[in-house]
Amino acid sequence: MSFQKCPYGFYVHYIQGEEEDNPFLASFGTFAHQIHQLVFSGVLGRKDAGDYYLEYFNDFVVGSSPSKEVFASYYKGGYSYFKSMPWFPGEIVGIEKEFYFDVLGHPFHGFADLITRENDGLVIYDHKAKALKPYSGRKKPTKTDLELSEYARQLYLYAEATKQSLGEYPKYLVFNCYRVQNFVRLDFDSRNLDETLRWADEMIQKIRTFDAWKPDIDYFKCRNLCGLNDRCDYYELM
């Protein structure tokens with residue numbers, strides 16, 4: 001997905017080997033993932049998550065926010081969630097579960113945020129600061145429908161990983177949109193899995209033969225989402 005966002009950024013990070021910095025939005029997400037991991041592993045009590053968030057926010061969330069309004073939305077949204085952190089049903093199977101798996105002959109490596117087992121099967125969770133919306137159900141997909149499908153590809157890749165590692169596909173894929181306190185729950189669909197595997201294969205084939213490492217210049221993304229903009233030859237062109 002990073003290749004689709006910006007081919008040049010992909011080149012600098014994965015081919016030249018440059019490490020990414022953590023701008024505000026990225027470091028906020030990393031901090032939120034850390035708190036989830038501490039709670040699910042039993043190191044931090046669920047009732048103490050809000051206090052931990054307040055105490056360590058400034059230590060872990062770095063970089064300049066896109067605006068005061070964005071900072072307030074993220075800070076308040078995160079605190080509102082963690083001070084009354086919801087219970088996740090079922091038995092915990094994996095926390096930041098590391099997978100090495102195969103997709104149509106290509107090796108993959110990734111981490112699933114949380115895997116649980118409910119009565120009717122496995123559930124894969126992805127913690128997202130982004131406010132995703134459930135499918136609209138319209139005949140013609142909306143912009144938010146297409147966005148959700150794009151994000152779901154990552155969970156479908158992890159669905160394939162659970163099959164190879166745990167011997168079964170999940171029953172549900174869930175986006176925990178914690179900042180807005182909303183769960184977007186998807187039924188596992190084998191057709192979407194097949195589409196994702198084909199997409200992954202096509203992307204890998206494209207990357208292997210790609211030679212036009214041009215940037216996708218977008219003011220907001222380049223300034224606030226890219227962790228490589230201080231090493232980007234095109235950043236000053238914005």
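A salt bridge here is a side-chain nitrogen of Lys or Arg within 4 Å of a carboxyl oxygen of Asp or Glu. By that rule the structure holds six, and one of them joins the side chains of glutamate 118 and arginine 185, at 2.9 Å from N to O. The model is a predicted one, in which local features need pLDDT of at least 70 and side-chain atom pairs count only at pLDDT 80 or more, while totals for chains, interfaces and linings use all residues. Residues are numbered from 1 along each chain as its sequence is written, and side-chain values use heavy atoms, with hydrogens and water left out.

Glutamate 118 sits in strand β2 (residues 106-118) and arginine 185 in strand β5, 67 residues apart; helices (H or I, at least four residues) and strands (E, at least two) are DSSP runs, numbered from the N terminus. Burial goes by relative accessible area: under 20% is buried, over 50% exposed, and anything in between partly exposed (1.4 Å probe, protein chains only). Glutamate 118 is therefore buried, at 16%, and arginine 185 partly exposed, at 40%. Arginine 185 also lies over the face of tyrosine 172, at 4.0 Å from the ring centre; this calls for CZ of Arg (or NZ of Lys) within 6 Å of the ring centre and within 35 degrees of the ring normal.

Another salt bridge pairs glutamate 195 with arginine 153, with the closest N and O atoms 3.1 Å apart. Since glutamate 195 belongs to helix α7 and arginine 153 to helix α6, the pair ties together parts that are 42 residues apart in sequence. Arginine 191 and aspartate 189 also form one, at 2.9 Å between the closest N and O atoms; here arginine 191 is exposed, at 62%, and aspartate 189 buried, at 18%.

Now for the nonpolar cores, meaning sets of buried Ala, Val, Leu, Ile, Met, Phe, Trp, Tyr and Cys residues joined through side-chain atoms within 4.5 Å. The largest has 27 residues, and Phe28, Ile35, Phe82 and Met85 touch the most other members. Helix α3 gives the most to this core, with nine residues. A second, separate core of 26 residues includes Leu132, Tyr158, Leu186 and Leu193.

Helix α3 itself is mostly covered, with 12 of its 17 residues buried, among them Phe24, Phe28, Ile35 and Phe40. After α3 comes glycine 42, whose phi is positive, near 85°.
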